[in-house]
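Subject: Structure for you to look at

Dear colleague,

I am handing over a structure that I would like you to read through slowly, with the sequence beside it. My notes on what was found follow below it.

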Amino acid sequence: MNFLEKACKNKTSNDDMALVVQGGGMRGVYSMSALSALEELGMTNNFKYVAGSSAGAINGAYFIANQAKSGVESYVNELSVSDFVSFFRINKIVDVDFLVDWVVKNTIHLSISGVFNSKTELEMSLTNSKTIQAKYLSTKTDEFDMHEALRATMALPVLYDKEISVLGDTYIDGGISDYVPLQKAIDKGYKKIVVILTSEFKHRHDKFKFIIKLATLGKSKLLTDALLCEDERYNSVIDIIKSSHPDIEIICIAPSDKKRLVGTTTTNQKKLLDCALMAREDVYAAVNTQIPKTENENFFDLWDSRASVLKNR
């Protein structure tokens, strides 16, 4: 029985348990749904520390505020619209302002007090727009505007193309400098770590270097180089998870079926919902628990949504 299964079945908190959450644009529906499953299992307060970058940071915030299931609704209903993802907006294909100002602040309102008052520490990574170095903000040690920090950690180069001011400096997507902040959790001394990935659990191979170089024409060399090394950074995370650690236990929850995994800009509601259901299945498998029969595919009953209203406004 692994430590996550023990914690789930014993319903006890673990001061040495940490949670690391990957982002990935709309692939974040997977990690958000995985967090929703942990929430459903009564494990919201089991983790002392949650680390995330980009969509992983937003998902972590909803989780420690005990709003993860509502967070899944935000992906399936609120973000599956052209207001958020549109290839007709050249410099704002992914409108992070819509995400923060419409969804996080209003329709699927994130309880900021719930985040800061939680016993669980949330640490999110941002990327300094000039140095391309990671900046970590903690809900336990730093005072900052949560909305602007979330806007910054999701400020995707090329797709959003804005720099966000936080605490007197400018930042962009946290995933550029720390794609999956597993090492951060290890460095903080956590011995039991759950990693939720939104990509397949295997090494990735560089396939799109030419496209990245083309898309980043006119950008700084530091930024271009960082984007070109994204697969290398991801592979290093896979290596850490696969490696033998004498005093650290790492459990990885990752998409079990590539065919059900969505893309970073997927807006098809049925595909998003199916990906969310897969994540729920994967979490229940990780804790060796059967999904309640009465709450199978109807668990996320989200079809009468505000998305249809937005599409017609």
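Rings of Phe, Tyr and Trp count as an aromatic pair if their centres lie within 6.5 Å, and planes under 30 degrees apart are called stacked, while those over 60 are called edge-to-face. Please keep in mind that this is a predicted model. A search of the whole structure finds six aromatic pairs. In one of them, F47 and F63 have ring centres 6.3 Å apart and planes at 65°, so this pair is edge-to-face. It links distant parts of the chain, since F47 sits in the loop between α2 and β2 and F63 in helix α3, 16 residues apart. F47 is buried at 2% relative accessibility, and F63 is buried at 0%.

Y49 and Y190 form a stacked pair, with 5.0 Å from centre to centre and 15° between the planes. Y49 belongs to strand β2 and Y190 to the loop between α8 and β7, so the pair ties together parts that are 141 residues apart in sequence. Y49 is buried, with a relative accessible area of 0%, and Y190 counts as buried at 8%. Elsewhere, F84, F98 and W102 form one aromatic cluster.

Turning to strand β3, you will find S125 there, buried with a relative accessible area of 0%. Its side chain reaches the backbone oxygen of G174 at 3.4 Å, and the residues that S125 touches include K135, Y136 and D178.

Finally, the second largest pocket has a volume of about 160 Å³, and its lining has five nonpolar, two polar and four charged residues, among them D161, K162 and E163.

Notes
Residues are numbered from 1 along each chain as its sequence is written. This is a predicted model: local features need pLDDT of at least 70, side-chain atom pairs count only at pLDDT 80 or more; totals for chains, interfaces and linings use all residues. Side-chain values use heavy atoms; hydrogens and water are left out. On a 1 Å grid over the protein atoms alone, a cavity is a set of points where a 1.4 Å probe fits but cannot get out, and a pocket is an open set with protein on both sides within 12 Å along at least five of seven lines; lining residues have an atom within 4 Å of a point. Grid points are joined across faces, edges and corners, and a volume is the space filled by probe spheres set on the points. Ala, Val, Leu, Ile, Met, Phe, Trp, Tyr, Cys and Pro count as nonpolar, Asp, Glu, Lys and Arg as charged, and the others, Gly among them, as polar. Helices (H or I, at least four residues) and strands (E, at least two) are DSSP runs, numbered from the N terminus. Buried means under 20% relative accessible area, exposed over 50%, partly exposed in between (1.4 Å probe, protein chains only). A polar contact is a pair of N or O atoms within 3.5 Å; within protein, one must be able to donate a hydrogen and the other to accept it, and residues adjacent in sequence count only if both atoms are side-chain atoms. Contact means heavy atoms within 4.5 Å. Lists of a residue's contacts leave out its neighbours within four places in sequence.
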